[in-house]
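Reader: I have just opened this one and would like someone to walk me through it. Could we take it piece by piece?

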Amino acid sequence: RERAAFARRCDLELNAHRDPSQPVPPLEPMRRALQLACAAYGVLGQLHLAKLGDLNHTHFRQAVQRMAASDGSVAAAHDTAAAAALAGLPQENILVAEWSPMAFSPCCYLAVDHSMQWIVLSIRGTACAGDTLTDCCAEPVPFLDGHAHAGIAAATWQLVAEFVPRVAAALARHSGYQAVLTGHSMGAGVAALLAMLLHSQDADVTAAVRRGVESVCDIGESQGLVHRVLEATRSALCYAIAAPCVCTLALSQAAVPYVTTLVAGKDVVCRLSISNVQQLVVKLNNATPLQPVLRAVAQVLGPMPGGDSPSSSSSSHHALGDSPTPSTIPTRDHFVSESAHLSHPGVHEASTSWADSEMGLEMRDLYSPTYLVPPGLIVHMRHITSGAPVAEVRPATAFTEIPMSTRMMSDHVPKTYVETLDLLLSFQKTHVNSAAVSHPDEEAVSEGARHLPKSEASVVWDMFDLQNSSLALFV
């Protein structure tokens with residue numbers, strides 16, 4: 001109860017201006033973007049997403065051939081064919097693909113989706129040692145008007161040089177098509193930061209777009225076309241699947257109109273950042289059985305020899321995982337006295353002290369460069385193991401604590417996202433969405449629930465609970 005009350009208090013303090021009635025955006029484009037994001041894994045994605053009954057010797061033979069191929073072109077051909085099959089596209093619709101990953105240069109492909117009228121750049125998540133190096137460079141660096149994950153920001157600038165001209169050339173050839181960026185895991189973070197750059201009117205991005213347009217037409221004919229393609233790139237959309245904490249809060253809020261992040265359950269990657277890991281380590285350290293013993297010994301022995309100052313003694317207690325004493329906890333007056341310093345963006349210093357991580361969520365500086373959050377509008381799919389998942393819009397600050405759960409890793413895999421989103425869409429197709437039923441009739445709901453599977457019937461009764469709680473309690 002105390003933990004639940006603490007969580008509610010933090011939520012009220014951090015999200016005082018949140019609109020609880022904010023609707024969930026349409027799920028159909030997210031499902032299509034998810035399919036295109038999974039296709040970026042190539043043969044590995046084909047193996048992961050295949051159902052057990054569909055696996056046969058052909059899949060494994062293709063995977064072995066791809067992994068054992070000494071010729072890079074042969075391996076790339078296998079991945080391109082697998083990506084086209086997973087995306088449901090003819091192979092000729094994949095305009096260009098890069099399957100040779102390096103540090104800060106993820107695998108990706110550019111395709112034309114005529115069914116959605118999209119020019120899609122899909123970026124692969126972590127799947128090799130080079131991608132892991134990109135993930136581990138997690139220090140915040142300056143990015144646009146805030147800060148961002150260093151490794152993912154470097155990968156984003158690499159794509160600006162290599163793939164933004166190709167995106168611009170594809171938009172020049174297909175008038176009226178929408179530029180869409182997508183990816184899973186690390187690829188989602190790169191896609192989100194790239195969308196921010198495309199919307200920022202950055203000079204380097206504009207120059208890359210001009211190069212792409214001029215590569216498909218004469219310079220004299222490219223003036224009006226460049227303007228049209230620039231408008232198309234500056235209206236690009238991003239669907240980030242399981243994106244990590246990649247940017248500061250101000251950048252995330254500014255990207256809400258064009259970046260949508262999808263989070264499933266307890267996915268740990270969506271909550272990974274240096275400050276969040278520090279908080280988790282401090283909590284685990286405080287929970288060890290040795291902590292009462294260490295505190296008792298510290299009280300008996302007193303200060304360490306050498307005359308430690310109060311500040312050094314306090315920091316040593318924090319290093320042992322001890323809770324801060326009342327004298328070391330910053331008061332509200334302390335924060336008020338520094339409000340002039342905190343009110344100016346760009347003057348915050350990185351909060352790397354373990355003591356700062358131990359203060360509690362409501363005491364953290366939301367504008368610190370180390371306070372990274374997921375990007376854009378966040379759609380959280382919850383209760384994904386209940387058979388009746390729900391999707392709701394949540395603020396970025398709701399993902400600044402790492403929960404310990406047995407599903408924290410399994411909720412991150414693409415297959416979990418595919419199955420959960422398909423289940424949500426099936427509920428919408430059976431018209432049991434709460435938005436479609438405003439005042440249901442009791443007999444109609446009861447009759448309809450008898451003909452639905454158990455999981456869908458439970459959703460009907462959860463909706464009807466808003467109208468008649470006693471009947472829902474009886475059920």
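This is a predicted model: local features need pLDDT of at least 70, side-chain atom pairs count only at pLDDT 80 or more; totals for chains, interfaces and linings use all residues.

Reader: Okay, what does Leu-280 contact, leaving aside its neighbours within four places in sequence?

Author: With those neighbours set aside, Leu-280 is in contact with Ile-402 and Met-404. Leu-280 and Pro-403 are 123 residues apart in sequence, while their C-alpha atoms are 8.5 Å apart in space.

Reader: And which residue next to that one in the numbering is worth a look?

Author: Val-281 also has its place in helix H13, which covers residues 274-286. Val-281 counts as partly exposed because its relative accessibility is 41%. Together with Leu-272 and Val-277, Val-281 makes a nonpolar surface patch of about 210 Å².

Reader: Let me step back for a moment: how many helices and strands does the chain have?

Author: The chain has 22 helices and 12 strands. It is made of 475 residues, of which 44% count as buried. Among contacts in the chain with a separation of 6 or more, 72% are between residues 24 or more positions apart.

Reader: Now salt bridges. How many does the structure hold?

Author: The structure holds 7 salt bridges. In one of them the side chains of Arg-31 and Asp-422 meet, with 2.5 Å from N to O. Arg-31 lies in helix H2 (residues 27-39) and Asp-422 in helix H19 (residues 414-429), so this pair ties together parts that are 391 residues apart in sequence.

Reader: Are those two buried or partly exposed?

Author: They fall into separate classes: Arg-31 is buried, with a relative accessible area of 18%, whereas Asp-422 counts as partly exposed at 34% relative accessibility.

Reader: What about Arg-32, which side chain does it meet in a salt bridge?

Author: The side chain of Arg-32 meets that of Asp-113 in a salt bridge of 2.7 Å, N to O. Arg-32 lies in helix H2 and Asp-113 in strand S2, so the pair ties together parts that are 81 residues apart in sequence. Arg-32 is buried, with a relative accessible area of 12%, and Asp-113 is buried as well, with a value of 1%.

Reader: Changing topic, where is His-380 found?

Author: His-380 is found in strand S11, which covers residues 377-382, and His-380 counts as buried because its relative accessibility is 3%. Its side chain reaches the backbone oxygen of Gly-265 at 2.9 Å, and it also makes a polar contact with the side chain of Arg-394 at 3.2 Å. Beyond its neighbours within four places in sequence, the contacts of His-380 include Val-263, Arg-271, Glu-392 and Phe-399.

Reader: One last thing: which backbone angles deserve a second look?

Author: Most residues other than glycine have a negative phi. Phe-104, although not a glycine, has a positive phi of about 65°; Phe-104 lies in the loop between strand S1 (94-98) and S2 and counts as partly exposed at 26% relative accessibility. Ser-185 likewise has a positive phi, near 60°, and Ser-185 lies in the loop between strand S6 (178-184) and helix H9 (186-199). Ser-185 is buried, with a relative accessible area of 8%.

Conventions
Residues are numbered from 1 along each chain as its sequence is written. Side-chain values use heavy atoms; hydrogens and water are left out. Helices (H or I, at least four residues) and strands (E, at least two) are DSSP runs, numbered from the N terminus. Buried means under 20% relative accessible area, exposed over 50%, partly exposed in between (1.4 Å probe, protein chains only). A polar contact is a pair of N or O atoms within 3.5 Å; within protein, one must be able to donate a hydrogen and the other to accept it, and residues adjacent in sequence count only if both atoms are side-chain atoms. Contact means heavy atoms within 4.5 Å. Patches are made of residues with over 30% relative accessible area and no salt bridge: like charges are joined within 9 Å, nonpolar side chains (Val, Leu, Ile, Met, Phe, Trp, Tyr) within 5 Å. Accessible areas come from the Shrake-Rupley method with a 1.4 Å probe; for residues, only the protein chains shown count as cover. A salt bridge is a side-chain nitrogen of Lys or Arg within 4 Å of a carboxyl oxygen of Asp or Glu.
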